[in-house]
There are 2 protein chains.
Amino acid sequence: MRIGVVSPARPIDPSVESMMQALVAVSFPEVDIVFHRQCFLSDGHFAGSDAVRSAAFLEYANDPAFDAIWFARGGYGANRILDTVLPQLNDAARRKTYLGYSDMGFLLGALYASRIGRQAHGPMPSEIRRKNDHAACVSRALSWLISGDRRSLEPTIDARPHAAFNLSILTALIGSKYLPDLTDHVLMIEEISEPLYRIDRMLFTMAHATQLKGIAGVRLGVVGDVIENDVVFNDTPEQMIVRWCADMGVPYLGRAQIGHYAANCVVPFGVA
Amino acid sequence: MRIGVVSPARPIDPSVESMMQALVAVSFPEVDIVFHRQCFLSDGHFAGSDAVRSAAFLEYANDPAFDAIWFARGGYGANRILDTVLPQLNDAARRKTYLGYSDMGFLLGALYASRIGRQAHGPMPSEIRRKNDHAACVSRALSWLISGDRRSLEPTIDARPHAAFNLSILTALIGSKYLPDLTDHVLMIEEISEPLYRIDRMLFTMAHATQLKGIAGVRLGVVGDVIENDVVFNDTPEQMIVRWCADMGVPYLGRAQIGHYAANCVVPFGVA
């Protein structure tokens with residue numbers, strides 16, 4: 001098993017690679033993890049220019065020697081390479097698994113929409129630095145990548161197709177060709193560092209998206225680090241999701257164990 | 001001329017009404033401005049519950065005694081009444097002009113999409129409290145409402161149809177039935193209090209919106225009070241708009257005199 005790591009948004013610290021190689025040597029000796037040098041580049045906000053990040057992703061995705069692409073971290077920037085990379089993916093890219101979340105939802109969504117490879121929402125290498133987690137988070141991701149370990153899956157996943165997105169990324173994809181057809185899917189959403197009025201506004205956009213009319217239901221992951229408003233907002237995230245699902249005419253199915261936290265689980269796109 | 005003021009998002013201070021009545025008595029004696037009591041209500045974040053705000057808007061919009069509806073201020077919340085109010089508007093509502101901007105773009109867009117009345121992006125009553133402006137901003141709006149004064153119009157407006165939106169509100173409408181058909185329109189956008197990476201992400205959504213493929217071009221209004229990022233972002237708003245318009249395949253037509261500032265001009269939706 002050979003896993004390639006690229007970073008289509010922001011750079012990671014070199015300590016992530018050394019910690020990951022130490023973990024793999026001890027706990028996952030059957031795996032070879034290769035970090036592309038692009039992960040450590042810095043060009044303003046980004047881990048290299050759009051061209052550099054596109055080239056790194058294409059190099060590893062199109063390389064038949066890799067079985068999976070594991071996105072190093074989120075941030076902002078994966079959307080800026082979609083138009084460049086999607087048309088250049090080859091047959092090797094179509095046989096791969098792609099794992100990440102947050103801003104990486106742009107790539108996961110676009111790949112799923114294009115039926116290229118297997119996509120999953122789940123922990124990323126940079127999270128090996130989570131305090132007091134003892135690499136449990138990234139080990140959950142690795143166990144699934146290596147053997148499809150179902151103990152890594154989000155526990156409510158059933159026989160239906162699923163997809164999971166950060167709400168900001170989902171709404172940024174709505175209206176575009178990069179939003180996959182999620183008809184009959186259970187849609188899981190999570191959010192981080194937003195004020196409640198914005199979460200409400202994004203749920204309005206989700207609820208009124210013509211493209212999402214056919215989904216089977218919605219589950220709410222962790223809504224973390226909510227930014228305080230000047231005025232206390234009227235509703236909690238769970239009250240909001242109940243309201244907007246009703247407006248949308250789809251069932252709210254309850255909570256999901258996904259989000260920007262250590263217990264974040266793996267959600268394969270489609271049937272798990 | 002009789003103008004009704006309602007506030008579909010957040011409440012205004014009572015001083016706005018007294019200042020406005022004083023201005024009108026001196027400078028626009030031909031106008032009767034009536035503030036609905038709903039403008040001054042407070043229910044958490046909102047100027048009354050969704051039901052109360054819906055009822056106030058419907059009462060004034062459906063009243064043949066009013067010639068225009070002037071939205072008191074922005075904030076957040078107009079999107080939450082769209083499903084309720086749109087189906088209940090009558091013939092009197094169809095003969096009216098609706099003026100406002102920012103969060104009011106939800107109503108302006110939905111009304112334009114439904115071909116109900118005449119809509120315009122422009123200054124709102126709460127802006128009578130702008131420091132050192134001597135009511136120039138709201139007088140610009142009133143002159144246009146009363147006599148269609150073309151000196152109030154955004155100066156680049158030509159014979160083509162136009163529309164103007166806050167970028168956050170435009171992107172929140174994308175993918176829904178409430179986004180009007182803007183084929184052949186010049187689209188003007190403005191933004192306030194966002195970090196640059198989010199502006200870039202919203203421009204991605206605009207550029208990739210299937211619904212906006214046919215627009216004639218884009219103009220950029222004022223991008224104000226930009227929130228600093230932890231890392232300096234690579235591009236300025238003007239560099240971003242050039243890049244995304246190129247990806248979109250529509251011309252970037254230059255700056256527009258709209259936005260959250262005292263010089264904000266009137267942009268009627270459609271042909272001015």
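Reader: How many helices and strands does chain A have?
Author: This is a predicted model, in which local features need pLDDT of at least 70, side-chain atom pairs count only at pLDDT 80 or more, and totals for chains, interfaces and linings use all residues. Residues are numbered from 1 along each chain as its sequence is written, and chains are lettered from A in the order in which they are written. Helices (H or I, at least four residues) and strands (E, at least two) are DSSP runs, numbered from the N terminus. On that basis, chain A has 9 helices and 10 strands.

Reader: What is the radius of gyration of chain A?
Author: The radius of gyration is taken over C-alpha atoms, and the globule rule is 2.2 Å times the number of residues to the power 0.38. For 272 residues that rule gives 19 Å, and the value for chain A is close to it, so chain A is as compact as a globular protein of that length. The radius of gyration of chain A is 18 Å.

Reader: Which C-alpha of chain A is nearest the axis?
Author: Copies are superposed by least squares on the C-alpha atoms of residues with pLDDT of at least 70 in both. A rotation of 180° with 0.0 Å of shift along its axis places chain A on chain B, with an RMSD of 0.0 Å. That is the relation of a two-fold axis. At 2.1 Å from the axis, the nearest C-alpha in chain A is that of G175(A).

Reader: What percentage of the 272 residues of chain A count as buried?
Author: Buried means under 20% relative accessible area, exposed over 50%, and partly exposed in between (1.4 Å probe, protein chains only). Of the 272 residues of chain A, the buried share is 62%.

Definitions and conventions
Side-chain values use heavy atoms; hydrogens and water are left out.
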